[in-house]
Amino acid sequence: MSIYDVALSMIHELGVARIHHLIEFFGTAENVFSTSIEQLTEQLKFPHEAATYIYKQLNRKDLLAQAQAELDFLNRNNARAVAIGDDDY
């Protein structure tokens, strides 16, 4: 699981189905972070309000730092998270 997978899971408007849809469209969780509001609304058909919220969350300066803190917590506690694209999912 990458830091980008963890970060996506921290965005409240994104459930498992939307995350899966985004990763299928962009190829990787990391690539999702290069999206635009237009892609979210026009190509992925997200409602404008949801697309705006998701876009803002993807561009939060602290999102990746918070995701890294989650990964560090998991490592310290000998735990791991599983992303939708992982073999163990």
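**Entry 1: helix α5**

I listed the buried residues (under 20% relative accessible area with a 1.4 Å probe, protein chains only; exposed is over 50%, partly exposed in between) of helix α5, residues 48-58: Ala50, Ala51, Thr52, Ile54, Gln57 and Leu58. Helices are DSSP runs of H or I, at least four residues, numbered from the N terminus. I then looked up their packing partners, with contact meaning heavy atoms within 4.5 Å. The buried residues of α5 pack against α1 (3-9), α2 (16-26), α3 (29-32), α4 (37-43) and α6 (63-76).

This is a predicted model, with local features needing pLDDT of at least 70 and side-chain atom pairs 80 or more, while totals for chains, interfaces and linings use all residues. Residues are numbered from 1 along each chain, and side-chain values use heavy atoms, without hydrogens or water.

**Entry 2: salt bridges**

I searched for a side-chain nitrogen of Lys or Arg within 4 Å of a carboxyl oxygen of Asp or Glu. The count is two salt bridges. Arg18 pairs with Glu13 at 3.4 Å, N to O. Arg18 is partly exposed at 24%, and Glu13 is partly exposed at 36%. In the salt bridge of Arg60 with Asp62, the closest N and O atoms are 2.8 Å apart.

**Entry 3: largest pocket**

I took a pocket as an open set of 1 Å grid points with protein on both sides within 12 Å along at least five of seven lines, and lining residues as those with an atom within 4 Å of a point. The largest pocket holds about 150 Å³. Its lining includes Met1, Asp5, Val16 and Tyr89. α2 gives the most to this lining, three residues.

Methods
Helix = DSSP H or I, 4+ residues; strand = E, 2+ residues; numbered from the N terminus. 1 Å grid on protein atoms, 1.4 Å probe; cavity = no way out; pocket = protein on both sides within 12 Å on 5 of 7 lines; lining within 4 Å. Points joined across faces, edges and corners; volume = space filled by probe spheres on them.
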